[in-house]
Structures are given as structure tokens and as C-alpha cells.
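Please look over the structure below.

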Amino acid sequence: MERRKALKNLALGMGYTIATPTLLGILNSCVTKETEYADWHAKVLSTKEKYIVTHLVDIIIPETETKGAVAVNVPQFVDLMLKDIESDTDRNQFKRGATLFALHFKEKYNKPILKGSKKEIENLLSIFFDIDPKEVKRLHTLQKQNIFNVPREQADEYSLYKFLVTLRSLTMFGFATSEYIGEFVLSYDPIPGKYDPDISVQEVGNAWSLR
Amino acid sequence: MKNKFDAIVIGTGISGGWAAKELCEGGLKTLVLERGRMVTHIKDYPTMHMDPWDFKHRGKRTPEDLARQHKQKANGQVKKEEAAHWFVDDIQHPYQEKKPFDWIRGYHVGGRSIMWGRQSYRMSDIDFNANKKDRIAVDWPIRYKDIEKWYDKVEEYIGVSGENRGLPQLPDGKLSPAMPFNAVEKEFQKQIESQYNDRVVMPARVAHITGDKVHEGRSKCQFRNRCVRGCPFGGYFSSNSSTLPAAERTGNMTLRPNSIVHEIVYDERTGKASGVRVIDAETHEKLFFKADIIFCNASTVGTASILLQSKSKRFPNGLGNDSGELGRNLMDHHMKAGAVATVKGFEDRYYKGRKPTSFYVPRFRNLDPKTQQKDFIRGYGFQGGVGRADNWTQNIPEFSYGKDLKEHLLQPGDWKIGMYGFGECLPYHDNKVTLNYEKLDEWGLPTVEFDVKFGENENNMRKDMVKQAVEMLTAAGFEEVRPVNAKSNPGVAIHEMGTARMGRDPKTSVLNQYNQIHAVPNVYVTDGACMTSSACQNPSLTYMALTARAAHHAIENFKKNKKQALLWREEKL
Ligand SMILES: Cc1cc2nc3c(=O)[nH]c(=O)nc-3n(C[C@H](O)[C@H](O)[C@H](O)COP(=O)(O)OP(=O)(O)OC[C@H]3O[C@@H](n4cnc5c(N)ncnc54)[C@H](O)[C@@H]3O)c2cc1C
Ligand code: SF4
């Protein structure tokens with residue numbers, strides 16, 4: 001706890017200049033600790049949803065040598081997008097899906113998801129994501145349907161995947177368009193000055209961050 | 001404020017900017033009226049330097065904001081925060097549709113010159129002769145030789161980069177160096193030009209500065225591809241970066257934003273227009289400005305609306321509407337038909353810089369007996385795009401997650417290619433805009449009502465666009481070739497034109513060969529309203545050339561008249 005607090009103060013004090021690898025390493029090592037998600041105030045996610053979302057975001061894009069999605073505030077971003085950008089219908093489906101995910105958890109582990117570990121949540125996600133490609137295709141088709149046309153017996157499946165798929169794509173989007181990833185991990189070049197039409201990927205490294 | 005000027009220009013978009021520059025440089029004291037807010041080059045481009053993370057929602061817009069632009073959002077730019085402020089609020093600026101029409105526009109100084117795609121192609125005599133040859137509508141009163149030197153002038157002034165290929169259907173221009181092709185564009189060009197002898201693949205011609213030629217107040221394109229936000233370098237042409245500053249430098253321009261022109265006043269005594277009536281958009285104050293010459297550049301539909309509102313005893317159906325053609329023959333291009341593909345084999349190739357354009361395939365249908373089609377007349381050009389996708393926006397089909405997904409997201413994605421036709425639309429008499437006096441806007445002015453639909457020729461042409469695009473991408477050896485034929489309402493190509501067409505006969509057209517209203521020679525219409533046919537080229541370059549040409553005609557006449565008036569006064573003394 002003491003160490004966490006110290007590092008936090010350090011991070012706040014340094015603002016933008018945290019991009020040196022060693023410091024990043026130190027900072028990263030603390031971000032995914034269990035209580036991290038308690039530090040911010042969610043606008044639309046309930047305590048339980050926030051717990052699920054934070055863990056799933058961390059599982060979808062984990063910390064490696066570079067920051068993971070939690071460290072670049074993707075859970076906060078998901079909360080904001082749900083509040084401002086997603087339609088009422090989509091937000092409700094998302095929440096319904098999260099509830100269903102929690103129910104599945106309870107069924108599997110016989111305890112509330114709030115008491116679940118990251119490993120347990122990851123195991124549950126694997127059941128829904130590591131599936132036959134044909135099944136993936138069917139679920140994508142189901143997702144494209146208007147909710148009002150979804151047959152009653154498929155409603156739960158629809159909501160659950162609405163939640164998981166929306167969360168996955170918001171995680172990718174929020175991560176890739178974050179300042180840290182965009183400026184320091186992807187290749188950042190705001191004013192190229194000229195167009196070089198044919199160079200090798202090695203010369204660039206990671207993908208360009210701007211379109 | 002003074003209320004008498006030598007000339008008035010209505011609108012500051014692509015054509016109005018040119019009218020302002022030419023008239024001011026010709027020495028005329030010119031009042032430039034613009035219904036929207038002021039936009040000063042660089043100073044008023046709020047998003048020009050913003051990165052994705054600088055936007056609260058990373059560029060996405062809220063449902064509430066989108067609802068205020070429910071028509072504008074037919075254009076993809078409106079769905080993003082970076083440029084949505086250049087498009088009108090549909091609640092404040094409503095219009096009526098008998099049939100679906102997407103009227104996409106911006107009300108501010110610079111008009112759509114800020115957001116345009118900068119594609120710039122000349123029309124050829126194949127186009128100027130087309131109506132006559134097909135016995136459709138009326139003949140253009142001009143030919144390529146009448147406009148050629150004005151194309152030269154405009155291209156040299158605005159800066160157009162591209163390549164000359166000596167094609168009869170796409171005349172060579174005064175171009176600055178083309179933006180070079182990347183590895184896949186080169187491959188596509190090589191494959192198509194070796195397998196087809198009727199078509200070429202060339203770098204798109206775009207209004208960007210690439211060479212060393214000096215353009216006052218502007219600098220070379222820096223390959224940021226953020227043009228639509230307004231460019232701090234003035235790398236592409238807009239009224240704000242180019243023509244309006246030029247007009248300003250003469251000291252002859254008075255620019256008045258927030259000025260909604262709703263009537264051009266006709267003076268029975270002189271047989272000419274005497275001035276324009278204006279409502280101040282903010283204060284709702286009513287104003288009247290006089291001038292010897294009036295240039296109408298409020299854009300095709302805006303201009304039709306002003307002329308239709310300008311009723312008098314002599315012109316009960318709108319100024320210059322002796323023919324009944326005012327508001328009719330509305331055309332656009334039809335688009336969103338073509339194909340997309342994935343390109344394999346270039347995984348180790350990449351590029352530096354964000355090229356704001358890609359390739360163009362000029363028209364290859366119905367150019368001569370050899371290329372004649374049975375199902376449609378006229379033709380289309382393909383505009384393409386090629387680049388490596390972002391892996392995080394691509395819909396990765398499987399539900400991957402974890403380290404592998406993260407690794408994948410950071411790599412350049414697949415090479416993608418897309419090509420879409422821009423097809424010529426015929427001028428149908430029944431396709432029209434009229435005024436609706438029951439549904440008024442905030443200023444008590446009538447709204448416009450669209451009654452426009454595409455015909456069989458357009459629909460048949462679309463089928464060929466899709467078929468040829470699929471064939472060409474397949475011939476090039478690309479994979480996952482998919483046809484695209486999305487709904488394309490009239491208007492969505494944002495090339496609306498034809499509502500006050502040029503022609504030889506006052507009985508069947510509104511404007512003469514110098515863009516003067518036949519019966520009211522001191523009123524010139526040089527925006528898209530003047531177009532007699534639509535060709536398939538992006539039209540703005542032609543509007544600019546016609547505007548420059550008409551402005552010189554107006555200046556000469558103005559000076560002649562001044563001299564005569566002087567002589568006449570001297571005689572009297
Ligand atoms: C996203 C986009 C991409 C495009 N891409 C291309 C392209 O690649 N190539 C191409 O050739 N064209 C392109 N276009 C079309 C091009 O922008 C138009 O053809 C061109 O701007 C038309 O010029 P204009 O002067 O007629 O009208 P505009 O540029 O629309 O300007 C009209 C001006 O008049 C003002 N106005 C309207 N009514 C009144 C009134 N009553 N009183 C006073 N002022 C008034 C408006 O506020 C506006 O400022 C594109 C357009 C858009 C939006
Ligand atoms: S691509 Fe060129 S013109 Fe467009 S914003 Fe960048 S520098 Fe300006």
C-alpha cells in the first residue's frame with residue numbers, strides 16, 4: 001500500500017514525462033492490482049459492472065512490456081462512451097449482458113463475481129470467446145440484428161454478446177487511440193512533411209498511429 | 001456601412017471566392033455577402049492540430065449532436081467530431097423532400113471549399129458536345145476552346161497536382177508534380193494498363209501544392225491528411241487560404257458575414273437588377289445593397305432559391321425565369337458503387353506520410369463507337385483508395401483477446417483497396433427544386449423542396465460500375481474482392497448542379513454563354529446552377545474556370561459602360 005501511494009504521487013507529479021521505459025515498468029507493475037478500479041468514480045457503471053469491466057479490459061489487452069488497457073484508462077473511457085455515445089438501447093443491452101455474465105460467474109464458481117479473481121473471470125471469458133469459428137460467425141450475424149427482431153429464446157445470448165463484443169471493441173478503440181499508445185508505442189508522426197511511397201515495415205516499426 | 005458598390009458577390013464558397021478575387025483584382029469595389037459566420041484562415045480551424053486523444057470521445061459524436069445533423073450525416077465526415085462543425089445544423093436549416101435528397105452543405109465563410117475532396121478534373125469536348133449528340137436537354141453554348149485558358153489560369157493559381165496522360169476525355173492540365181504511387185497502387189496500375197487497352201490508372205488530380213511554385217500565403221502540402229479540418233499550411237486550396245485573402249489584399253473587398261441574401265431586386269426602368277435584399281442572420285435586421293453587377297454564387301440550390309424568391313411584375317416566377325427552367329434539371333453524380341479487395345504479397349511494404357488522395361481511372365465508356373454501351377449513355381470515372389488498414393478498426397472476425405490481440409493491434413493491418421464510380425447523371429426536366437411558403441425558416445423565408453430521382457440510365461450505369469470494378473480488382477490479382485452497391489440518394493455526391501442552365505436559347509435556358517441571365521445581363525450565375533450537363537468529373541474546377549471567365553466579361557463591360565457614361569456626361573456639359 002505504501003509503495004502504491006508513493007508511485008501514484010510520482011505519476012501525478014510527472015505529468016507527461018513518464019515515457020522512459022524503466023519508470024513505465026515501475027508504474028505498470030502496480031496498475032492491475034485488485035483495488036485499482038476503486039480509484040475513480042463511474043458515471044454509468046455500477047460497482048459490480050465496474051469490477052467486471054475493469055477485469056475484462058485488463059484481460060482483453062493486458063500489460064506486457066508496454067502498458068495495458070487499464071493503465072491507459074480504458075475502463076473510464078468505456079464508462080464515458082456508454083454514458084455519452086452509445087444509444088439507450090445499446091447501453092441497456094450492455095448492462096443486461098453484464099448482469100448475465102455475473103450470473104454465469106455465480107453459477108460456475110458459486111460466489112458473487114465481486115469476490116471473483118482475475119483468473120476466474122478470464123476462465124469464464126474463455127468459455128464465451130474461445131469457440132468454433134462457425135459459432136463466431138453465427139454470433140456476429142445475430143449481433144447485427146435489430147434487438148426487436150431477436151427471438152425470445154436467443155435474447156440472453158444476444159445481450160451477453162452485445163456486452164462482450166461492445167466491450168472488446170471499445171477496449172481496442174480506447175487503447176489504440178490513447179495518448180500513450182498513439183505517441184509512444186505506435187509510430188507517431190503528426191506532420192510528416194513529405195510522402196515516402198514505398199519503404200519497408202522495419203523502417204517504421206509499429207503501425208502509424210494517425211490516419 | 002456603405003450601401004452602393006460596383007459589384008456584389010453572393011456566397012464565399014469555391015465559386016464565390018473566385019468571383020471576389022477576380023472582380024476585386026479588376027478594380028471593382030466589391031461587396032461579398034455570406035450567410036454564415038466568419039472563418040479566418042488558420043485562426044478559425046479549431047481542430048486542425050488535434051490528435052485522437054485530444055477529443056473527449058476520440059472523435060465520436062453523441063446521438064444528440066447527430067440528431068441535429070440527421071441529413072448532413074449522410075456524409076461520413078459529419079459522424080466525426082473533427083469536421084462536423086463545417087456542416088449545417090439541420091434543425092435550424094430545414095428543407096423538404098418529395099423524394100429523398102441529401103442536401104449537404106456548410107454555411108460559413110469559405111463554404112464547402114473547406115471540406116471539399118479537392119479532386120479537380122477538366123471537362124472535355126466529349127462532355128460539351130454530349131447533349132447535342134444525344135439530343136438531350138439543350139446544347140452547351142460553349143466548347144472546350146472557350147474555357148481552356150481559364151482552366152489554365154485556375155489550375156496555376158490554386159495548384160493542382162497530378163499527371164497528364166493526353167486523353168481526349170480528360171484534357172491535360174497545368175499540373176504540379178503528382179503525389180507518387182505506393183507499392184500497391186503501382187501494382188494495380190501495372191496490372192490494369194497491361195491487361196486493358198481502354199483504361200489508365202493515374203494519380204488523382206488534387207488541388208494541393210506539391211511543386212516549388214510560390215502561392216502567396218500558402219505552403220506545400222505536408223501530407224497530414226487533415227485537410228477537412230482546415231489546413232494551417234494552406235496546403236490545399238480553399239477560399240479561405242487563397243482567393244479571399246487575394247481579394248482582401250486589393251483593398252477593394254468588403255466582406256459581410258451573417259448576411260442572408262433572399263432577393264435580387266429587378267428594376268423595370270433599367271431592365272437590370274439594382275441590388276440585393278439581405279436579412280442579418282443574427283439580428284434579423286433587413287438591409288438593401290445596390291450594385292452595378294451581381295454574381296450569384298450561393299451554390300446550385302441556394303442560388304435557385306434566391307432567384308425563385310426574386311419575384312417582380314416582369315418576372316412573376318422568379319428572376320430570369322422566362323423559360324420556366326429555373327430550379328429544374330437538377331443533377332448530381334451517382335456514387336457508392338464499385339468494389340473493395342484485400343491485397344496480399346506486400347506485407348513488408350509500407351509508406352511514410354499520409355497521402356490525402358490515391359488513384360483515378362478516367363472514364364472509358366461511350367467515348368467513341370468502340371466503347372459504346374447498349375444499356376446506358378455517358379460514363380463514369382473511378383476514384384480509388386489504397387492503404388494499410390488499422391487493425392483496431394478492422395473488424396477482426398474471431399473473438400481474440402490477450403497478448404496476441406495486443407501484439408496484432410500494434411502492427412500495420414492488411415493492404416486494402418477500394419474503387420468507386422462517380423457517374424454522370426442526365427438533366428431530367430422533372431428533377432427540380434421549388435419553394436415551400438408554408439414551411440418557413442427561422443428568418444421567415446420559404447424552404448426549398450426537392451423532387452428528384454435518378455433514372456434508368458443512372459441505374460444501368462451503376463451495374464456496369466460494380467461489374468467493372470470487380471473485374472478490374474480481380475484481374476489485378478487481388479483477394480476477397482467484394483462488390484459494393486450502397487444506396488446513393490441524389491445529393492449525396494455533393495455535386496448538385498443544373499438549376500439555372502446555360503444555353504443558346506432564352507426560351508429553353510436561364511443563362512447565356514457568359515453566365516449572364518438572358519434577360520437580366522448584369523446578373524451572373526457561375527456556381528453549379530449553370531451546368532448544362534453534369535459530365536462525370538468532379539465539377540468544382542469547372543465552376544472556378546467559368547467564374548473567372550464570367551468575371552472578366554463583367555469587368556470589361558463595366559469599364560466600357562463607365563467610359564460611355566463619362567463620354568455622355570462630357571457631351572452634355
Ligand atoms: C465532403 C465534400 C467533398 C467534396 N469533394 C469534392 C471534390 O473532390 N471535387 C469537387 O470538384 N467537388 C467536391 N465537392 C463539392 C464542392 O465542395 C462544391 O462543388 C463546391 O463547393 C461548390 O461551390 P459553390 O461556390 O457553388 O458553393 P459552396 O462552396 O457551397 O459555397 C456557397 C456559399 O454560399 C453561401 N450561401 C448560401 N446561400 C446564401 C444566401 N442566401 N446568402 C448568402 N450566402 C449564401 C453558403 O453559406 C456558402 O458559403 C465536395 C463537397 C463536400 C462537402
Ligand atoms: S494533407 Fe496537405 S493540405 Fe491536407 S491538411 Fe495536410 S498539409 Fe494540409
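Val340(B) stands opposite Gly418(B) in S13(B). This is a predicted model.

Is strand S9 (residues 337-343) of chain B mostly covered or mostly open? It is mostly covered, with 7 of its 7 residues buried. In a regular strand, side chains alternate between the two faces of the sheet. In S9(B), Ala337(B), Ala339(B), Ala341(B) and Val343(B) point one way. Gly338(B), Val340(B) and Thr342(B) point the other way. Residues of both sets are buried.

## The six-stranded sheet

S9(B) is part of an open sheet of 6 strands. The order is S4-S11-S12-S13-S9-S16 (chain B), and the pairing is antiparallel. Which strands stand at the edges? They are strand S4 (202-203) and S16 of chain B. Each has a single partner strand, so one side of each is left without a neighbour in the sheet.

Two helices lie across this sheet. Helix H6 (residues 183-195) of chain B lies across S9, strand S11 (359-361), strand S12 (380-390) and S13 of chain B. H6(B) runs at about 50° to S13(B). Helix H10 (residues 456-475) of chain B lies across S9, S11, S12, S13 and S16 of chain B. H10(B) runs at about 15° to S9(B).

## The three-stranded sheet

Another open sheet has 3 strands, in the order S3-S15-S14 (chain B). Its pairing is mixed. Strand S3 (96-97) and strand S14 (432-440) of chain B stand at the edges. Each has a single partner strand, so one side of each lacks a neighbour in the sheet.

S3(B) runs parallel to strand S15 (residues 446-451) of chain B, and 2 bridges join them. Gln96(B) stands opposite Glu449(B) in S15(B). Helix H8 (residues 300-309) of chain B packs on this sheet and touches S14 and S15 of chain B. The direction of H8(B) makes about 65° with that of S14(B).

## Chain B as a whole

The secondary structure of chain B comes to 11 helices and 18 strands. Its radius of gyration is 24 Å, close to the 25 Å that the globule rule gives for 573 residues, so the chain is as compact as a globular protein of that length. Along the principal axes, its C-alpha atoms fill a box of roughly 90 × 55 × 50 Å.

How much of chain B counts as buried? The figure is 64% of the 573 residues. Consider next the contacts in chain B with a separation of 6 or more: 72% of them are between residues 24 or more positions apart.

## Around ligand 2

The shell around ligand 2 includes a run of residues from Cys221(B) through Gln222(B), Phe223(B), Arg224(B), Asn225(B) and Arg226(B) to Cys227(B). His208(B), Cys231(B), Gly235(B), Tyr236(B) and Pro356(B) also surround ligand 2. By class, the shell divides into 6 nonpolar, 4 polar and 2 charged residues.

## A buried alanine

Ala19(B) sits in helix H1 (residues 14-25) of chain B. Is Ala19(B) buried or exposed? It is buried, because its relative accessible area is 0%, and the cut-off for buried is under 20%.

Leaving aside neighbours within four places in sequence, Ala19(B) is in contact with Val9(B), Phe295(B), Asn297(B) and Thr547(B). Ala19(B) and Pro232(B) are 213 residues apart in sequence and 24 Å apart in space, C-alpha to C-alpha.

## Two positive phi angles

Most residues other than glycine have a negative phi. Arg135(B) is not a glycine, yet its phi is positive, about 50°. Arg135(B) lies in the loop between helix H4 (130-134) and helix H5 (144-158) of chain B. With a relative accessible area of 78%, Arg135(B) is exposed.

His284(B) has a positive phi of about 65° and is not a glycine either. Its place is the loop between strand S7 (272-280) and strand S8 (286-296) of chain B. His284(B) counts as partly exposed, at 35% relative accessibility.

Key
Residues numbered from 1 in each chain as written. Chains lettered and ligands numbered in written order. Predicted model: local features only at pLDDT ≥ 70, side-chain atom pairs only at ≥ 80, totals over all residues. Heavy atoms only, no water. Pairing = 2+ DSSP bridges. Helix = DSSP H or I, 4+ residues; strand = E, 2+ residues; numbered from the N terminus. Contact = heavy atoms within 4.5 Å. Axes fitted to C-alpha atoms, helices over the stretch in contact; angles between N-to-C directions. Near = heavy atom within 4 Å. Nonpolar A, V, L, I, M, F, W, Y, C, P; charged D, E, K, R; others polar. Rg over C-alpha atoms; globule rule 2.2 N^0.38 Å. Buried < 20%, exposed > 50% of the residue type's maximum accessible area, 1.4 Å probe, protein only.
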